[in-house]
Amino acid sequence: MDIINNYITSKNRPRTKRSKTTKIAIHYVGNAGSTAIANRNYFQNTLNEVSSNYIVGLEGEVICCIPHDEIAWCTNNANAYSVSIETCHPKTDGKFNEKTYKSLVELSAYLLNLYKLTYNDLIRHFDVTGKVCPKSFVAKSKGGTDDEKLTAWNKFKADVKKTMVSKEVGNSSSSSNTNSNLSNSLNSNPNSSTSSNLYRVRKTWLDSKSQIGAYKSLDNAKKACKKGYTVYDESGRTVYTKANSNTSKPSNPTSGLTKGNKLLLKDVSLFVSATAKTGNKKTGTYYIYDGAVVNSRLRITNKLANCGKSPIGMYVTGWIRKSDI
Ligand SMILES: [Zn+2]
């Protein structure tokens, strides 16, 4: 499962952080045969107040329309405490095809892990408002296509549980895998500071496909780190780098979020901290200070030579939203 970040920029992304996240809400798009990108563009362009954090498409692709820690207009009064996932389906019966179902299971497991929740924290739109959504997980007697025992919904929750467990087991080994579950995991768990603390070996933090391993032991991660790769901690901070012998070219100049990358900002909010509520608009040339992402924000500095230097307070100009880059 790869997550494509394609954030909407209209008023349907209110840019409000959720203060807590205790549920993952599952939906179906209700528009048979429509694609993930078409639904994303609908959220972008419609005057209706509607959006979601994620959309899972018919090919199993996952589009993130709104960062997982921000409110979307999807699950009514549960928006304040749930991440929402819209799911595409080929026919009007609302049943998901195999690729879509697999990605939905993986995405749900990923988000539950991220927020330290369990499979019992999966909810349906139906549970909040009684709306027949997602149709294939609502009983026939209520207008859906599931049986009265909710066999499909319960199987889904069991599949998510299984995926969560298998990822935990997978993470404890030192083999090179875990790519699929860790795609674009730009944030450590926002609800808790005690995360699983894996060291990931990648070309750049954003390039999750380049990951050659995830390790509990830093020593093992360093051993696995090849030329041109970097060891990152749970929140994307650079821990160890083995530079390319060819130093004239950065390994991934387009990633945008690595230390020292040049940013041309135009009217971007600059905050004094990762959590400050209000910022000042800035325009000009800045550089990524260290690439660490905290609360979906990164530190920037006004001189390339300042990048990574300490004390941080002397060299960091401020924080900007990752999404503004
Ligand atoms: Zn819904």
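Predicted model: local features only at pLDDT ≥ 70, side-chain atom pairs only at ≥ 80, totals over all residues.
Local features here need pLDDT of at least 70 and side-chain atom pairs count only at pLDDT 80 or more, while totals for chains, interfaces and linings use all residues. Residues are numbered from 1 along each chain as its sequence is written.

**The whole chain**
- The protein chain has seven helices and 14 strands; helices (H or I, at least four residues) and strands (E, at least two) are DSSP runs, numbered from the N terminus.
- Of its 325 residues, 39% count as buried. A residue is buried if 20 or more other C-beta atoms lie within 10 Å of its own, exposed if 12 or fewer, and partly exposed in between, with C-beta atoms placed from the backbone.
- Two residues are in contact if their C-beta atoms, placed from the backbone, lie within 7 Å. Among contacts between residues at least 6 apart in sequence, 61% join residues at least 24 apart.

**Helix α2**
- Helix α2 covers residues 98–114, 17 residues in total, and spans 24 Å from first C-alpha to last. That is close to the expected 24 Å, which is 1.5 Å times one less than the number of residues.
- Because 14 of its 17 residues are buried, α2 is largely enclosed by the rest of the structure.
- Just after α2 comes K116, with a positive phi of about 55°.

**Two nonpolar cores**
- A nonpolar core is a set of buried Ala, Val, Leu, Ile, Met, Phe, Trp, Tyr and Cys residues joined through C-beta atoms within 7 Å.
- The largest one has 45 residues, and those with the most contacts inside it include Y54, L107 and L111. Helix α2 gives the most to this core, with nine residues.
- Leaving aside neighbours within four places in sequence, L111 is in contact with I24, H68 and V83.
- A second, separate core of 21 residues includes V201, V231, V293 and L298.

**A four-stranded sheet**
- Strands β11-β12-β13-β14 form, in that order, an open sheet with antiparallel pairing; two strands pair if DSSP finds at least two bridges between them.
- The edge strands, β11 (262–270) and β14, each pair on one side only.
- β11 and β12 (residues 280–294) are joined over seven bridges, and L263 has Y286 in β12 as its bridge partner.
- I320 sits in β14 (residues 318–321), and I320 counts as buried because it has 22 C-beta neighbours inside 10 Å.
- The C-alpha atoms of I320 and R299 are 6.5 Å apart, although 21 residues separate the two along the chain.
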